[in-house]
Amino acid sequence: MKTAHINSRPVEIRPGETILAAAQRIGIDLPAPCRTPGPEPLESCRLCVVQVNGQPFPVAACGTMLEAGMDVQTHHVAVERWRTSLLRIVAESAARTDHAPSRVRDGVWSELLSHYGVTPPAPQRNDLSKPERDTSHSWLRFDPAACISCGACLTTCETVAHQHVWEIAGRGPRRRIQPVGGRPLALTPCTACGACIDPCPTGALVERHGHHPAEEPRRSVESVCGLCPVGCGLRIESADGEVRRVSGLVHSPTNPGGLLCKRGKFAHVAHQNWDRITQPMLRRGAGFCKVSWDEALDFIAKRLSALVHAHGPAAFGAIAGAGLSTESAYLLQKFTRSVIGSPHIDSVAHTDPALDPVCRAAFPGTASFADLDRATCIVVLGADLDESHPVLAARVRQAVADGAALIVVHPRRIALSKSADCHHSDLTPPPPDDSSDDPLCRLLLTHRSGTVCLVGSDIATPEHLSGWMSRLNGLGTSALPGAGLIFLGGVGNHQGLLLSGALADSLPGHVPVSDSQARARIEDLWGRCLPVESGLPLTGMLVGARDGRLRGLWLAGYEPDRVTADATLAGLDLLVVHDLIYQNASRHAHVLLPAASLHEQTGTAINAERRVQLLRAAVPPPDEARPDWAVLTVLARRLGVEWPYLDPAEIFAELALLAPDRLAGITHRRLDEQPEGIQWPCPGGNA
Amino acid sequence: MPNDFPTASAVPCPAPAAREPRPAPAIAHRLRQELRGQTTARLSDGDWAQLAASIGAPEAQVRTVAAFFEEFSGTTAHGAHFPSRPDAPPRSLTTPPQLIATADDTTSAFSLLKTLATTENPAATLAGRLSAIEGLARHRIKAGRGLSSRWAEAAATPAAERFVICHTDAGNPGSWSGEWLLEHRPGLVIAGMCFAALAIGAGEGVICVDRSHLSLISRLRTATEQARAAGVLPDDFEISVFPTFGSPVGGEETALLNAIEGRVGEARSRPPEPEVAGIFGKPTVVESAEIFARLPGWLRSGRDDGQRLIGLLPPFAQPGLVEIDATVTLRQVASDAAGADGLSSIAALTVGGRFGSLAFPEKWDTPLDLETLRKARIEPANFSLSPVPQGQPFSDWARDQLNFAMSETCGRCLPCRLGPLAALGELDASGEPTHRLREILDTVAATSLCGFGRDFPRPILQWIERWRHQPAGAS
């Protein structure tokens, strides 16, 4: 084993590891303010310099590989003196130029200043002449007067997010990082992914909402984002029971570099908003009054029994929304089918009946996101990735920069078309013709293998998909590394909703309702009879509610638009809305139940590459809010059905029994041990 | 529709095809084409967007590159510190005079090249002859390594293509030799580059010239074309002339490489050295015009006596170029340059310009030999000489040095960007070298990213060590 020494401690050499990484591995803390999650170190702040034997000059630990035989001194007295002096240089320069930070906000830099005992620059008399704080942006704030022009934001923006929002204006001492063209941040192409916030060492870039000084003690939990089927790895920092900051996990397989999108980064801001429902509420006249859970559930149980008694079980329906974990969706359909006995259960994974055959055909896909890093050709079929899955858009751009060919098939020119080799606005594939000069045909011909196809929900009909599939399959697309198909559902936990059986025409395990053998197996397990026919799809349920066919509806995180809500939900006998925020459907609800957000509950979500991921509760739900599965368990007991579940792990275990070909071998405990999640088919699952 | 796509684990995995990263557009070169000599000062937001679209790069990157280089930004702060070369022809202190005496006769050089090219393994033969040149390893050291070992490394690094760069030390005040050689001995420089190309297997050569030397640029292009027409250039070696976009960071090589690629001319971190990963990450040898011009002579004679063309900067009475060899002492050169004024008015000599070292009178008998100079603690960054007159006040001189550093620094790393500024502030506040001033300069020298930041504080620190804050010559 080759070794080097850091501060006289022997360190094992690992290939590609910098001195900084090795030092951190053995617990030595080095200041490295300008470090970014991107591949290239900036080496611009020079605070991580260390002494290496035999080198005439100190070297930057962030950009120098640890090599065998090196003897590194990280905190030699001279090195520490240089660090102090460097911090002082920056503080002193503020008096002489507008291009050095005159205000120090929080962040690593202020910690360093206090650690090295350097007085921050005193407010200058000419402070008014300093560039003003940019407050134009909805999600970020930028204070140029706190910026040390290290370029961490710019590099992260370019290499991780693949956007170009920041520029360097001026050379040498006039170097200044600013939004492109010196414009207000709101007028730049910024997508508000927030990637630039985390590497900023000085706090010049902060969240606009809910920013708190970093000094407070924080609890940190690693979880995943369930808001879209990419399933980005998250680190959720919280204090006082509130989420303070959400950042991406740098080594996550779904979002390399820790990139997030606007939704994933800032969803907690909405969850902590004033209009969050935090108490069960019952309608009283035109308004609502707060009640206890007992009162609310008693009311629901009474109304439900009366409703079923008067109109039959099929007068009740339930809709699962996008914010549901797999476990909650499973219990919602179990509640509807076995406790009430109604076939009417559907989810937002099934919004558009015309699209449904497409997603069924493409489900569950054959490729992984990691295949994008190896593919030589990428076909984006009917998906505006920058709108729907921004993190994937960045990954596709990285692949294109690395040399992959890109074909965009979309009715209109989308942002990604700019990077594409070929934009095909006709959703029908061109006929196979090997001698054609058409660039699309040439590309498809060149990349007979190594093509990854991303199928989005903007594709018009199943015929388009099957046309493309046969075109691509004809060219040899199969599940090789760097090849295959990924179906991008539009909603978070898309595959989880499908697998849990929260669909009008399929049971848990994605088997059709008409499959009597499968139904019998489920009836055995549940000990209850199931409806034999398929239920109404989501839109059918809304129509049924309007026409009086349905008398009661349970909306779990599902939110129709206002016109639909007003037209369909007003005349129901019982409308239960279990949601985070008072919105359109809530205006007609008889009962409002406070839900737990995905940051506040344990459960699983399954992303578009079949990766089962564990959601971990980072904070407790506020006040009386409860996750769906817990509410449904209690309500089932009131209706005379005893469910034995104590936690979501037991619910998942039951679902895994019903979907053995996909979930066998996966348990919450195993997911807890594997932070990157498990892609099914799970290795060793069927053993 | 059937759900019959194969599952991920069902098919055995052959190795995926390799991907080639797409080349980034050379933004600065495209800017030059689009702007045609105009600056970006009056561009509107719409113009910028159009410019970026026609270049095919993001607007932010185009603006960043445009803001960095003088040619596009129109700033004149950089390059204001460079004295122009006197018209007087070079003098010689070496016998027999070498470069300045020989005409630009390349016949023998190119016939040697042809002979070499016909041998079984031309690169190895040439490498052998290079390493056999007596004195080469002693006199031509850069970054601690001799010329032949650096070139050998470039040749040994596996790559699809390699580059030879000839620079004129632009950004290094007083380095007039490259400019003079390209003007008067272009054939020798081109012949030398051909030898380098043969030695490392390069297919492309670039001669970097300051963009203000318009006549030189066209003359070089003509010389290259003539050589090509005469059939003396190897067929697989292309030479192009690259007018710089503005002053590169004090002649820092890696900044020059970035500029040639059309990117922001900031210094790169080392390692990797240019010989391993230079232009576009390919092995590149970067040498001054003088090295190339002398190379045919060394190969012919088999020895290198350390001859150099050195610049004598004002305020010497007789500024200009002078050719010396490794036996000539500082005193000899200085007396020649000072002329009738004599040496009595000089308190110290700056060896190697603003990044070099101060040589005080007791060291003037040191010969201009790299090894001997270093032993005497004189680090010549280049070989130019300027006098520090007796009685020169410290603060004036130091302020000039610091202003120069400020105008040249690229600003990538923090110490070199703000260090000179902080030092000037300290100087203004007290007018004398406080402990803090020394600390600032020491910090910049120790922690800067590239040679520029490491070197410019040295002469100032040497002054302080010698005379504290008193005028030059005070004992």
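Contact is taken to mean heavy atoms within 4.5 Å. The structure is a predicted model, in which local features need pLDDT of at least 70 and side-chain atom pairs count only at pLDDT 80 or more, while totals for chains, interfaces and linings use all residues. Residues are numbered from 1 along each chain as its sequence is written, and side-chain values use heavy atoms, with hydrogens and water left out.

In chain A, 65% of the contacts between residues at least 6 apart in sequence join residues at least 24 apart. Chain A holds 20 helices and 29 strands, assigned as DSSP runs (helices H or I, at least four residues; strands E, at least two) and numbered from the N terminus. Chain A is as compact as a globular protein of its length, because its radius of gyration is 28 Å, close to the 26 Å given by the globule rule for 687 residues. The radius is taken over C-alpha atoms, and the rule is 2.2 Å times the number of residues to the power 0.38. The C-alpha trace of chain A spans about 85 × 70 × 50 Å along its principal axes. Of the 687 residues in chain A, 60% are buried, that is, under 20% relative accessible area (1.4 Å probe, protein chains only).

In chain B, Leu368 lies in the loop between β11 (357–359) and α15 (370–375). B:Leu368 counts as buried because its relative accessibility is 2%. Beyond its neighbours within four places in sequence, B:Leu368 contacts residues including B:Ile310, B:Val333, B:Leu373 and B:Phe383. A C-alpha separation of 35 Å is found between B:Leu368 and B:Ala227, which are 141 residues apart along the chain.

Key
Chains lettered and ligands numbered in written order. Buried < 20%, exposed > 50% of the residue type's maximum accessible area, 1.4 Å probe, protein only.
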